[in-house]
Protein chains: 2
Amino acid sequence: MPQSSPVDPSGSLVARLDLPPLGTGPLDGTTFTVKDNIDIAGHRTSYGSPAWRDAHPAPTHNALCVDQMLAAGARCVGKVVADEFTYSLDGESPFFGTPRNAKAADRIPGGSSSGSAASVANGLADFSIGTDSGGSVRVPASLCGLWGMRPSLHRISEAGVLPFMPSVSTVGVLADGFAHLEAAIRVALRSGPTPQAPLQRILVLSDALEIADQSVRSQTEAALEDIARRTGLPLEPIRFSQIVGEDVPLSDCNTQALRIMQTAEFQSTVSNWIEACTPELGFPFSMAYGNVLAFDRIAALDGLARCERLFESINACLSPGTVICFPTTPVIAPLKGSLNTMDAVVDYYDRTMTITAFSGVGRLPEVSVPLLTVDGCPVGLSFAAAHYQDEFLLRTVSEMTGQRS
Amino acid sequence: MPQSSPVDPSGSLVARLDLPPLGTGPLDGTTFTVKDNIDIAGHRTSYGSPAWRDAHPAPTHNALCVDQMLAAGARCVGKVVADEFTYSLDGESPFFGTPRNAKAADRIPGGSSSGSAASVANGLADFSIGTDSGGSVRVPASLCGLWGMRPSLHRISEAGVLPFMPSVSTVGVLADGFAHLEAAIRVALRSGPTPQAPLQRILVLSDALEIADQSVRSQTEAALEDIARRTGLPLEPIRFSQIVGEDVPLSDCNTQALRIMQTAEFQSTVSNWIEACTPELGFPFSMAYGNVLAFDRIAALDGLARCERLFESINACLSPGTVICFPTTPVIAPLKGSLNTMDAVVDYYDRTMTITAFSGVGRLPEVSVPLLTVDGCPVGLSFAAAHYQDEFLLRTVSEMTGQRS
């Protein structure tokens, strides 16, 4: 089992780097790290898999999103750990170790952007570029007490990023505060001055609160009351069945839609390589991969149509000026090493992805804010808005949480 | 120089296949071919490059879009020629030959979905799956006299398709008529019954008509007059500068935006592989590739922001119920072998991409309809609508052109 380097108590670094800025701009004076499924020129990209790393040459170009940050004045200080093929929400890599959860050292950091979260939370960088398909930016942000944003699907270029599930995967950012999050995201989104609607409605996704642990739920409700007072707007509870106009549970977002798209797309990307090259696989991934191999995509094609219908329904409900709130994760970080039974894995994944899949199928921008503390551990409160309303969401979150934009 | 197989007078086949349907549905009884940058299980994918083909193992899964067609009742009859790395609008491959333009045998078929167009136009299949980043479905559809559609960016899954420019590339369809086009596209889009606005406005993109050859322009105007009579709606000429609210030419879509995004993204995808593996390159591609290598992406990052602003402006103008019309290409197909001087290449590419980049930066769905004939050669008339208005566009095109939906 690999250990953290003595010079890296965060356990997040795959390689310490010092790539100077390539220009000046809104990120002047900031530092960032890059998840190891995002290309850095001259360094092999592992995607969390030593076998993948060794089988592929080093890229000659940075990922485009990395160059955007460097050109805006930021300095890249490291390449950081990703879960194997970024196919996990744990952050416990059998190959690269478990990056340290700075707020709860005996607990997992969450994944798959585990090194991104740990590098920021442990003070190595101001922000980190990660990726998010089923929650891989939002979950570690929630569990490590960071700000994290998954923008609208496809708004950030994926050139130089393994788009391992191209209809689902986004580039995102984790940061130590709102200022760095907003600055980095606006650079990556190429945000303009386009005026967007003022905040008009605050929806609360009831089903997500009901799924959460009672202590997470009561903290969420208290934080939302503060927000209602600050904004002077009422909280409007809404059920998933009202959003989509069908009597279906929130878990449909995951089990009947997003997970089907993810698995079908994963077969056409990473599976093709694994089947051809039979690399060494880590134990946690090999367990999950059994389900990928057994998945009958032809029988499941209705799930792809379900994704499209849910996208339409969710966005028809989220009119401009509307934000929807829910706990980012239903739980605090599980203890390290505790996800070693099927029951524990299913409980953590099914409940977490029931919530995270909502923005996934909606292709929504979502910001996780470190507003909650349960048993001394952080949990995020999430805010989401309609597809492409990223700039509205950033401004709204700053207003709702009293941050200066 | 490779020759067409005597059993394939179309010159389009890389491999003759017979993959039976995997289900029944709206494509029952139809046949299709697949461009050779889209995975077919058990067959190596070339991306138009023998070196790429030989360096990568055969996929174990079909691309998801191929399985969608098979599951809906279609039979796959062949893998067909693509231009090298799909980085061309010519259809003259130094490795796989020049698929036959069935309507003008002495002329190029257009590219990069050259084999897709030739296989359909020569009667081998009812439709073909291609890809389009800068016009690679629309241009061969126009030059070969076929129906072709590039849907809204990212609406069709790219799993198993080389997304060589992930912010730009779409999967699309070429077909022998409206019925097959609509059926195949609706399967790939997972179209639902969502009602969309009725046709209310017909815009005509004046700049595109002015760029076109005079004979293409006069044919376009005559066809549009027919459409105005059929629909009872007036034609509303509009200039690109009116759409974006700035005094800029239509060519900005290409030179100041789309081409910059394309080149920057291509560096992070195909260039990384070429630089690491130094494969044999065909002469036409190696000429174009010189520009890719010399491109300074840091200096050009403003072009990425320009893409985002143009996307916003174009879609703000194209309200629901609005369609915009223009010739798909400004010219008929050039003669085979005529694109052998820099002047000829620049004239063909710059004028063509000035038009095709409009839907590119707008992320618009666009249908090219074989309505025009100039000097005995086909040219397409294109119809585009706002991002995600694909189903509106299909229904509108059927009404405007008198097709039965």
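In this predicted model, helix H2 of chain A, residues 64-71, is largely enclosed by the rest of the structure, because eight of its eight residues are buried. The buried set runs through Leu64(A), Cys65(A), Val66(A), Asp67(A), Gln68(A), Met69(A), Leu70(A) and Ala71(A). Just after H2(A) comes Gly73(A), with a positive phi of about 110 degrees.

Cys65(A) belongs to helix H2 of chain A. Its relative accessible area is 1%, so Cys65(A) is buried. Setting aside residues up to four places away in sequence, Cys65(A) touches Ile38(A), Ile129(A), Ile156(A), Val161(A) and Val171(A). Cys76(A) is eleven residues from Cys65(A) in sequence. In space, the C-alpha atoms of Cys65(A) and Cys76(A) are 12 Å apart.

Strand E3 of chain A covers residues 75-80. Five of its six residues are buried, so E3(A) is largely enclosed by the rest of the structure. E3(A) pairs with two strands, E1(A) and E2(A). Strand E1, residues 13-19 of chain A, runs antiparallel to E3(A), with four bridges. Strand E2, residues 31-35 of chain A, runs parallel to E3(A), with five bridges. Here Val80(A) in E3(A) stands opposite Lys35(A). In a regular strand the side chains alternate between the two faces of the sheet.

Chain B superposes on chain A by a rotation of 180 degrees, with 0.0 Å of shift along the axis and an RMSD of 0.0 Å. The two copies are therefore related as by a two-fold rotation axis. The same surface serves both copies, since 100% of the contact residues of chain B recur in chain A. Within chain B, the residue that comes closest to the rotation axis is His154(B), its C-alpha at 4.1 Å.

The contact between the chains involves 48 residues of chain B and 48 residues of chain A. The size of an interface is often given as the accessible area lost when the parts come together. Chain B and chain A bury about 3800 Å² between them. Carbon and sulfur atoms account for 59% of this area. In chain B, the most area is lost to chain A by His61(B), Leu64(B) and Arg190(B). Together these residues make up 17% of what that side buries.

Six salt bridges are counted between chain B and chain A. One of the residue pairs joined by a salt bridge is Asp67(B) with Arg297(A), whose side chains meet at 2.7 Å, N to O. On the side of chain B that touches chain A, the elements giving two or more residues are helix H2 (64-71), helix H9 (252-277) and helix H11 (301-317) of chain B. H9(B) gives the most, with nine residues.

Ser142(B) lies in helix H4 of chain B, residues 138-144. Its relative accessibility is 0%, so Ser142(B) counts as buried. A polar atom of the Ser142(B) side chain lies 2.8 Å from the backbone nitrogen of Gly380(B). With residues up to four places away in sequence left out, Ser142(B) touches Thr328(B), Thr329(B), Ser368(B), Pro378(B), Val379(B) and Gly380(B).

Several backbone features stand apart. Most residues other than glycine have a negative phi, and most peptide bonds are trans. In chain A, the peptide bond between Gly111(A) and Ser112(A) is cis, with omega about 5 degrees. Ser112(A) sits in the loop between E3 and helix H3 (114-121) of chain A. In chain B, a cis peptide bond leads from Gly111(B) to Ser112(B), with omega near 5 degrees. Ser112(B) lies in the loop between strand E3 (75-80) and helix H3 (114-121) of chain B.

Positive phi values occur at two residues of chain A that are not glycine, Thr86(A) and Arg363(A). Phi of Thr86(A) is about 50 degrees. This residue lies in the loop between E3 and H3 of chain A. Thr86(A) is buried, with a relative accessible area of 6%. Phi of Arg363(A) is near 55 degrees. Arg363(A) is placed in the loop between helix H12 (342-362) and strand E10 (366-374) of chain A. At a relative accessible area of 8%, Arg363(A) is buried as well.

Key
Residues numbered from 1 in each chain as written. Chains lettered and ligands numbered in written order. Predicted model: local features only at pLDDT ≥ 70, side-chain atom pairs only at ≥ 80, totals over all residues. Heavy atoms only, no water. Buried < 20%, exposed > 50% of the residue type's maximum accessible area, 1.4 Å probe, protein only. Pairing = 2+ DSSP bridges. Least-squares fit on C-alpha atoms with pLDDT ≥ 70 in both. Contact = heavy atoms within 4.5 Å. Buried area = accessible area lost by both parts, 1.4 Å probe. Salt bridge = Lys/Arg side-chain N within 4 Å of Asp/Glu carboxyl O. Polar contact = N/O pair within 3.5 Å; in protein donor to acceptor, adjacent residues only side chain to side chain.
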